Amino acid sequence: MLGICYYPEHWPESMWAQDAAEMYGLGIRYVRIAEFAWSRLEPSPGQYRFDWLDRAISTLADAGLKVVMCTPTATPPKWLIDLYPSILPVDIKTGHSRGFGSRRHYDFSSPDYFREAMRISTVLAERYGEHPAVVGWQTDNELACHDTTHSGSEAALTAFRAWCQQHYSDIDALNSAWGNVFWSMEYRHFGEIELPILAVTETNPAHQLAYRRFSSDQVVHFHDEMVRIIRAHAPGRFVTHNFIPMVDTQTDNYALAKPLDFASFDNYPLGRSDLFFAKRGAAMFKPYMRTGHPDFSSYYFDQTRGLTGKHFWIMEQQPGPVNWAKHNPRPEPGMVRLWSWVSFAHGADVVSYFRWRQAPFAQEQMHAGLKRIDNSKAAAWPEIEQLVREMALCPDLLEQQVKATVAMVSTTENQWVCEIERQGDSFNQQEVEFAWYSALRQLGVDVDFVSPEQDLTGYKLVLVPCMPVVRPEFVKRCQDSGALLVFGPRTGSKTTEFQLVPQLAPGLLQALVPVKVLSVETIRPDCAEPLFIGQKQYQSQCWREELEVPQSCQVLAHYHDGLPAAAQHQRAVYVATVSCDDFLKALFADLLKQACVETVVLPHDVRLARRGGLTFLFNYSAKPSKVAAPANAQWLLGSATLDGYGVAIYR
Amino acid sequence: MLGICYYPEHWPESMWAQDAAEMYGLGIRYVRIAEFAWSRLEPSPGQYRFDWLDRAISTLADAGLKVVMCTPTATPPKWLIDLYPSILPVDIKTGHSRGFGSRRHYDFSSPDYFREAMRISTVLAERYGEHPAVVGWQTDNELACHDTTHSGSEAALTAFRAWCQQHYSDIDALNSAWGNVFWSMEYRHFGEIELPILAVTETNPAHQLAYRRFSSDQVVHFHDEMVRIIRAHAPGRFVTHNFIPMVDTQTDNYALAKPLDFASFDNYPLGRSDLFFAKRGAAMFKPYMRTGHPDFSSYYFDQTRGLTGKHFWIMEQQPGPVNWAKHNPRPEPGMVRLWSWVSFAHGADVVSYFRWRQAPFAQEQMHAGLKRIDNSKAAAWPEIEQLVREMALCPDLLEQQVKATVAMVSTTENQWVCEIERQGDSFNQQEVEFAWYSALRQLGVDVDFVSPEQDLTGYKLVLVPCMPVVRPEFVKRCQDSGALLVFGPRTGSKTTEFQLVPQLAPGLLQALVPVKVLSVETIRPDCAEPLFIGQKQYQSQCWREELEVPQSCQVLAHYHDGLPAAAQHQRAVYVATVSCDDFLKALFADLLKQACVETVVLPHDVRLARRGGLTFLFNYSAKPSKVAAPANAQWLLGSATLDGYGVAIYR
Amino acid sequence: MLGICYYPEHWPESMWAQDAAEMYGLGIRYVRIAEFAWSRLEPSPGQYRFDWLDRAISTLADAGLKVVMCTPTATPPKWLIDLYPSILPVDIKTGHSRGFGSRRHYDFSSPDYFREAMRISTVLAERYGEHPAVVGWQTDNELACHDTTHSGSEAALTAFRAWCQQHYSDIDALNSAWGNVFWSMEYRHFGEIELPILAVTETNPAHQLAYRRFSSDQVVHFHDEMVRIIRAHAPGRFVTHNFIPMVDTQTDNYALAKPLDFASFDNYPLGRSDLFFAKRGAAMFKPYMRTGHPDFSSYYFDQTRGLTGKHFWIMEQQPGPVNWAKHNPRPEPGMVRLWSWVSFAHGADVVSYFRWRQAPFAQEQMHAGLKRIDNSKAAAWPEIEQLVREMALCPDLLEQQVKATVAMVSTTENQWVCEIERQGDSFNQQEVEFAWYSALRQLGVDVDFVSPEQDLTGYKLVLVPCMPVVRPEFVKRCQDSGALLVFGPRTGSKTTEFQLVPQLAPGLLQALVPVKVLSVETIRPDCAEPLFIGQKQYQSQCWREELEVPQSCQVLAHYHDGLPAAAQHQRAVYVATVSCDDFLKALFADLLKQACVETVVLPHDVRLARRGGLTFLFNYSAKPSKVAAPANAQWLLGSATLDGYGVAIYR
């Protein structure tokens, strides 16, 4: 199914009916509205104006469209800020208040904002909760975007002290957990605790981790209450949230997703590629500058599916150039269609485009829509028409479930650990995780992202690219899974309180793979060294652990100096370094074989994904490409010879 | 004529007379004084000391020198700051007060400073306005240098609110003009308006543009009042200001120049080259590190001439290494002479060197003068002696007028638009404009810079490299001009209130060239792509617009994918991309031919300029170079074979 | 002798005795304790807890170990900060208070902290001053680390005004000394003076230099009082301080060292190499990433020896990877032993490792120790065992004195001058000094670092790489020394008040080498130019002075344009440019020959050092290397064929 983001308040009311009719005509069925409309819904304190929204919903409903309503809490109006200036968050790098004039100018710890945000949510939910055209709700918008999870405000300090008291009860327990004796950082009572910001030099990483957990909890608490309010007034309607990647939210997206019916994702392949690959040379980047890296969208799709373990929505899909990356190319012709199909292949039930018509004003005026500002049809339009025709060829698409046999374990907590303690400036946890994911995808393997709290039964191969904090229950789940297990560098090295594990890394995982990390070194990115699987040479880079490998283990790879770089013990493998991509592909190919997971030989830039009985093929290159498909493949779309930027589907 | 910047207060009075005699002996006729002397003129509140200045002026006058007097307002003394601390400007990036201890430590919106600056200006003008030796005045010094146009002070906020009220009258008009509905940024009254600084993320570009217009207006208002005061007391004396480039002032230099008799420019070819070309490789930069780029000084000279449409002064000319760029080479021998001749060729009436003798103390002690601190003659001295001899060969130089038939339209407003909305980090409006200018200069063409408010009649070719905001009157002027018109990327794309034009870019200019910009993309600088004129290949880079070209237009260039990159309709051309320099040279050569503007084949690094009946040739290379001159050329200086760093003049 | 840094408060008391026994068993004799233990020594105001420290000392003493006690003033506890919040320093770049949560959170100008720091020092000195096991004291820890010398606090402002009054007596004298007339920066009285921070643009360099002198004096004053207190209570015990490089302290380390018995240095070859060579390419850096540059440790050792002119301690020696550089490789096997031997060869009497056991918690948990956190022996352990065995082969090692015949003159003051006025962004005084030092060391020459206040008699060659401020007494010392003298660029160019010398550089040194610097230029690092000794070509880079050379001088080198680049007059040489390393090696080889200093042809990556009758050879490469040793060499360790990373000693 397809959807659209629409802002009736941006357009003359006279345009609404035709807009709605055209949406329906194009094949759109869902319309998301009202997410930034607070100043129009409550122009002055307590003076509500719902007439225009009532009429907008009616117009959309009359055209056959279903409405997804938003709480407008990402943009509190000026009068509210002036009433309660302490709503503004405080920048943790400068100590300055972050002012009004854009969006997300609120502190998750502000009691005033909590009350006011829940008030407007209640008012909206009361009014539209049972509206027949409103089929679901989106909470706020891209929670925690623009680095707003962390605030250095007085409100945050007060709340953090209370959070510490609640979590540690006793100040000596906290001092001991954090190792505050180290630099006489010991507190005598919880009222002495500071936020771990703006100190003379690096603050205690345990202190920083606690602050990140607290900050994430504040977001979750805010969001939970909002969901509770909506549910109380909107029976039978779904509640979702449009997530951005965890690496950007600094919030535990798993926790945030818990009360939702399903997760949604805002998908901007080109904008995000530009930022993620900013340091890569043109040789790597240029082929994908108008397509996005072949694994980059699906990397987030599989993560989003993992948040609730269910199918998901793409709430915002880039339909053309955006305005916010460092460079903003337009998609190659065909890519909007291709990305949409990739979304469906990885478990999307709805793809909703952002936005209907490009806005002629304000911050995002250079962000493309389906229509240009002269109301002409933009480049994505015919691609969506084509998509709608093609979707009709797969009538049972939404009934198909994604069922991967390979899982990657990811957590926000460990992203925090690696950000707090980089040890080498060139270590980037997300890049490590993406490299592992991409290697699997290049081998034609479907991947689930799972949290370490999740049951691992049924998976044949479980990969843990970088997870310093390992809890006993997770070790148990690994043992129970029966899967072949692969642990990457840093995994198991830290306690939950950001101390080194007493038995040396990988700590509790030594029950599975009895190696020991004797030392860790980090290497300048331009000083990579040879890495070997047998005689075949690859590259070790950035992060290298010195491994003690007992006789019971088999060495799978070694460094240039002959020391072991990866070892296997029974059904568990430990990889002690960050490496080039080819190394991962070679290593994983072997391990997938061991795990009896089928791999597929794919042409460069071609990817394969399976959703239930359907197999999808995507060509990210301009050149046609021929794939080896089963002889009995029943082609719903395309054929084994993929066009440039082509899609094919067979059953 | 030649001038000099002199600071009698820096030297023992016993040196003044000899200094004056030597100045005159060298050929200097104008001496600028007193620009930073406030603490000597008024050492304590209200206690004036003019005796020393009286004596200094007498000494200079006695030697035959004419004095240019300055208001000392760029450096308010400490006691004034302590009396009125709110004089200090506030940094818009940090919110901090910018303190005493250097210069320009004042806020253009401070009512206290406005009053005090006008008081000292009045006192000075009263005393020296009719002094026979004082022939003219310089206002302040390099207004708005050091990013002082913008301030985040309370005074600025108050003034900005008043400015908004005056410009928009009605708050709904402002909300609508800025599109404040976009993120619930709507204001209920003018007292709610904030400065567009220190917000959570990007503020509304319309808000930013209004703030820039306001800030520029504050500078102009300050300056207008100062000029009014001087004129009231100094009948028959000229008033000028020593400008720095518009890109650095953030002020509308056209507006600032309006009440002046002529504009002056402070010319530092090496310092500015170092900063402007900082990202270019050594292969491009090194040949010019001691000469400046051949088009870089004249680029500013032609702009300065354009401010008032008249000849101008070089108020400060670099005579050796300076102290303030990232790297500060000394000029190649001969360059001070060459730069001086370039100034005259482009319309300077006076070239004044900064400074007489190098200061042994304080911030600029590493800035060369004509004399070293041991009172010996520095490297520039004999070059100026030579220059004076040569000037005698062109006795009618100052009667000659620069008359270009090619104009480039430039505005500060559009520089602001492009800075506020870069869309791609590598888009730089000034670099685009300079590339266009340089291509013309390499073809031997003289160029006027004009404001869009100026009549275009008489020009054969008018180029508008990048002017997003186009007003109907400008379109009218274009239509009336009869010139061949060339519009560059972004031109015509925005309304005056920083909205997208409703008919798509180039908006109103579609009356001249009926193309449509369907989408815009920005490209990483290392991902340039082929660009073609016919079969000949060039490079498109950084910025690329997708163009709809009707049948009535001729496609002049196309992208690698065959789509049009430049198109002509009758007498108007639209160029949709940023390109390599060779593309511009090739395109402009064709268009100049169409426009019947003569081009000259010049050796690499040689430039040609015409002032009235005089033609000047300049060789920026160390190697001699032979140019093709008319057979009947009457050589006033040099010959068709230019020495290294040589100058030749023929009639 | 060997030592160790130990933190009994980090470990269960039950581990202490075994730790002590193992230390002694390994060959360790000194244990440094208590440096960050304030919160354990005084958990609440006035409530002291010495019982645990008493027991710790007893335990160590019982095992045969001698204790070095520290004052814990680098880490004031939270309750003290809450009592006196103005103890916190203020960031001079932002104006923000630098908060609690790490270390060194105190302002050297805070009267409250001065009183409290001396109180805790007194209490400790009273208790342990005459303790038989306590043989010496370390003051504070790495004074002024983390940029804490400079503070922008009210306390600093008040103290700076008083300092100025004391130094200049008369405000007119200060105005004149600083050249405040330049931009009307004149003060009317000392109460008007500001700190030279947070101004609109660059502040007066003389003002900045005064502020740096003041700030250094504050550190010295603080430290002097602490030493006085310890001496009053600890008769017969040594007092030392663990220095970090002067370039990082912004304090005059010579002044700081004055009251000490000897200086100590904290030696982190890999961490510091990573930072110092960060901009160098992998080709230069990679060979040394696990060894450190062959001259980099000794560069600091020779400086440390120079602080008091006596032997020194290495108080902290890196035993494995650290945590704080941008990249943190582990040492090549053998390097901990090699670095220790290098320390001894350059005059260390004790090498003390940091730290005994890696801490599992807090900021430095990734910093290696001699033992891992599972109490196993880390990589350095067997190397130290080997070292102890080898030290027994040189029983008279500590009786040998380092006696160099070549001296390099270094001062903190001139480092400040070059930092304040870079003139070219790529000019780095420390890099220039290191290049000169490294060239000498590659020629097998031992080097003393001396302050300009020191007698130069006895040296054959004295080098002054970069010393803008030259006082008459230093010229006298040069004249009296009889040494061949070599002065580098900028030397002699400034007065003590940061003005240009009136006679042009090298100012007073013209008495020795009568050249004149006519102008100075700075060059982009990628725009180096040829430099010649005779016909042999080298490279001039970054900094180039134009030299007037009288007939009485011999030109030793010239630039690409034929102008002189180095000149000699009798026994004095002036070098006018920064150059490539090969130029320095060639030039110094000639000059050493003139000075009758023996040079040694060493293989690449091999270094030689002499301590009394012992000659040490070090191989920084993995490859064995053969050196030419005297035929009668008596080998105490190794042989003329050095192993990879090998050490050899002969008498």
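Trainee: How do strand 24 and strand 26 of chain A pair?
Mentor: Strand 24 and strand 26 (residues 647-650) of chain A pair in the antiparallel sense over 2 bridges; strands are DSSP runs of E, at least two residues, numbered from the N terminus, and two strands pair if DSSP finds at least two bridges between them. This is a predicted model, in which local features need pLDDT of at least 70, side-chain atom pairs count only at pLDDT 80 or more, and totals for chains, interfaces and linings use all residues. Residues are numbered from 1 along each chain as its sequence is written, chains are lettered from A and ligands numbered from 1 in the order in which they are written, and side-chain values use heavy atoms, without hydrogens and water.

Trainee: Which residue in strand 26 is the bridge partner of L637(A)?
Mentor: The partner is I649(A).

Trainee: And what is the strand order of the open sheet?
Mentor: The order is 21-22-26-24 in chain A, with antiparallel pairing among the 4 strands. Strand 21 (606-611) and strand 24 (635-637) are the edge strands, each pairing on one side only.

Trainee: Changing topic, how many residues of chain A are in contact with chain B?
Mentor: In chain A, 61 residues are in contact (heavy atoms within 4.5 Å) with 53 residues of chain B.

Trainee: How many salt bridges are found across that interface?
Mentor: The rule, a side-chain nitrogen of Lys or Arg within 4 Å of a carboxyl oxygen of Asp or Glu, finds 8 salt bridges between chain A and chain B. One of them joins E529(B) to R290(A), with the closest N and O atoms 2.7 Å apart.
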